[in-house]
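Please keep the structure in view while reading.

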Amino acid sequence: MITQLGGTMKFTLSEMYPGYKKEEVPEDVLKNLEILVKKLNELGKYYSKPVVVKRGYRAPDLNEKVGGVKNSPHMTGHAADLVDKDGEIDRFMMNNSDKLKKLGLYIEDPQETAGWCHIQFRKASTIFFNP
Ligand SMILES: [Zn+2]
């Protein structure tokens, strides 16, 4: 286990919509992002390495451009893609499914997302799911 207390994984709301201005983000999406950041920071108490939000909110036009799935949880503010320099975030998630379950967080199967970690609070079939 690499779980450590006194973690440094802490995000602000604006980190949840990289590339956008706050006024460009729909109200209902912002509300979801607020929930997301709260959950991530709760989880972040147990992770002490720096993590960056690579992708968060994605407007429908950008989602289409990057080939995101049609009902992508990124469009509704339910998801973020996390990147860490050491690539240890996936292992942390695998080792802490109890915390993910408690927080209602779901992870895209780490084997499908080498180099980043997709995390969402929109309900999925299992904690580690295949979209
Ligand atoms: Zn994602």
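Predicted model: local features only at pLDDT ≥ 70, side-chain atom pairs only at ≥ 80, totals over all residues.

The exposed residues Glu27, Asp28 and Lys31 sit on the face of H1 that is turned away from the buried side of this helix.

**Helix H1**

- H1 covers residues 27–44, which amounts to 18 residues, and the distance from its first C-alpha to its last is 25 Å, close to the 26 Å expected at 1.5 Å a residue.
- The residues of H1 that are buried are Val29, Asn32, Leu33, Leu36, Val37, Leu40 and Leu43.
- Strand E2 (79–83) and helix H4 (97–103) are what the buried residues of H1 pack against.

**Overall fold**

- The protein has 4 helices and 5 strands, and from the N terminus on these elements follow the order α-β-α-β-α-α-β-β-β.
- The radius of gyration of the protein is 14 Å, close to the 14 Å that the globule rule gives for 131 residues, and the protein is therefore as compact as a globular protein of that length.
- Along the principal axes, the C-alpha trace of the protein spans about 40 × 30 × 25 Å.

**Burial and contacts**

- Buried residues make up 30% of the 131 residues of the protein.
- When contacts in the protein between residues at least 6 apart in sequence are considered, 69% of them join residues at least 24 apart.

Notes:
Residues numbered from 1 in each chain as written. Helix = DSSP H or I, 4+ residues; strand = E, 2+ residues; numbered from the N terminus. Rg over C-alpha atoms; globule rule 2.2 N^0.38 Å. Buried ≥ 20, exposed ≤ 12 C-beta atoms within 10 Å, placed from the backbone. Contact = placed C-beta atoms within 7 Å. Expected span 1.5 Å × (residues − 1).
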